[in-house]
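Open the model in a viewer and keep the selection panel at hand.

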Amino acid sequence: MSANCATWTSERIELLKRRLHAGLSCGQIAREIGVTRNAVIGKVNRLGLSRPKDVIDRQLEQRRAARLARPKTPRTWRPKRPRRNIFAQHEMLMAAFPRPQARAEEDISIYNGCGCTLFELSQMKCRWPISNPGAKDFCFCGNEPVKGLPYCLGHARIAYLSIRRQRSSARA
């Protein structure tokens, strides 16, 4: 209880018991007595009080009746963000890399020097970090990404190894 209100007197306890048996909530009782809701809950627990069964049944019936009387409003439908399964990811990678090429990495410009900061980064920019975070020249690639992937074509080749490249790098 707060310092400015009196302790639990016998009158307050009697008032608490009457209000509890009348079916008032702990918050309502607290407002009438002038204490906090938690003080009421604590005192009820310490005294070992509980609501009579008929009060509990009456409150449940009132809640059910109120729920049934309330018109049902349809929920607003929000589309869930689809998760890409492994097959969809594989199709995106196959679309990005249509045929295996021996040295196609040299043909693709990975970083053209026009990086972007974290504030300029969007879904339409490659998110590959250039340099180390905290360095003066740290930025993100900023090139146009492959559709459905966070990286441009050059960085996607680095990030997503083909099975053949995985096996060859594992052997080395």
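A contact here means heavy atoms within 4.5 Å. On that basis, residues 24 or more positions apart account for 49% of the contacts in the protein chain with a separation of 6 or more. The model is predicted.

Start with the whole protein chain, coloured by secondary structure. Seven helices and two strands are present, and along the sequence they follow the pattern α-α-α-α-α-β-β-α-α. Switch to a surface display next. The accessible surface of the protein chain is about 13,700 Å², with 54% of it belonging to carbon and sulfur atoms. Of the 172 residues in the protein chain, 24% are buried.

Now select residues 26-33, helix α2, together with residues 37-47, helix α3. How are these two helices, α2 and α3, oriented to each other? They pack at an angle of about 110°, and their axes lie 8 Å apart. Because angles of 65 to 115 degrees count as roughly perpendicular, α2 is roughly perpendicular to α3. Show side chains for the residues that make the contact: Cys26, Gly27, Ile29 and Ala30 on α2, and Arg37, Val40 and Ile41 on α3. By class, this contact of α2 with α3 has five nonpolar residues, one polar and one charged.

Finally, select Ser131, in the loop between β1 (129-130) and β2 (139-140). Check the backbone: Ser131 is not a glycine, yet its phi is positive, about 75°. Is Ser131 buried, exposed or partly exposed? Its relative accessibility is 34%, so Ser131 counts as partly exposed.

Definitions and conventions: Residues are numbered from 1 along each chain as its sequence is written. This is a predicted model: local features need pLDDT of at least 70, side-chain atom pairs count only at pLDDT 80 or more; totals for chains, interfaces and linings use all residues. Side-chain values use heavy atoms; hydrogens and water are left out. Helices (H or I, at least four residues) and strands (E, at least two) are DSSP runs, numbered from the N terminus. Buried means under 20% relative accessible area, exposed over 50%, partly exposed in between (1.4 Å probe, protein chains only). Accessible areas come from the Shrake-Rupley method with a 1.4 Å probe; for residues, only the protein chains shown count as cover. Axes are lines fitted to C-alpha atoms, for helices over the stretch in contact, and angles run from 0 to 180 degrees between N-to-C directions. Angles under 35 degrees count as roughly parallel, over 145 as roughly antiparallel, 65 to 115 as roughly perpendicular and the rest as oblique. Ala, Val, Leu, Ile, Met, Phe, Trp, Tyr, Cys and Pro count as nonpolar, Asp, Glu, Lys and Arg as charged, and the others, Gly among them, as polar.
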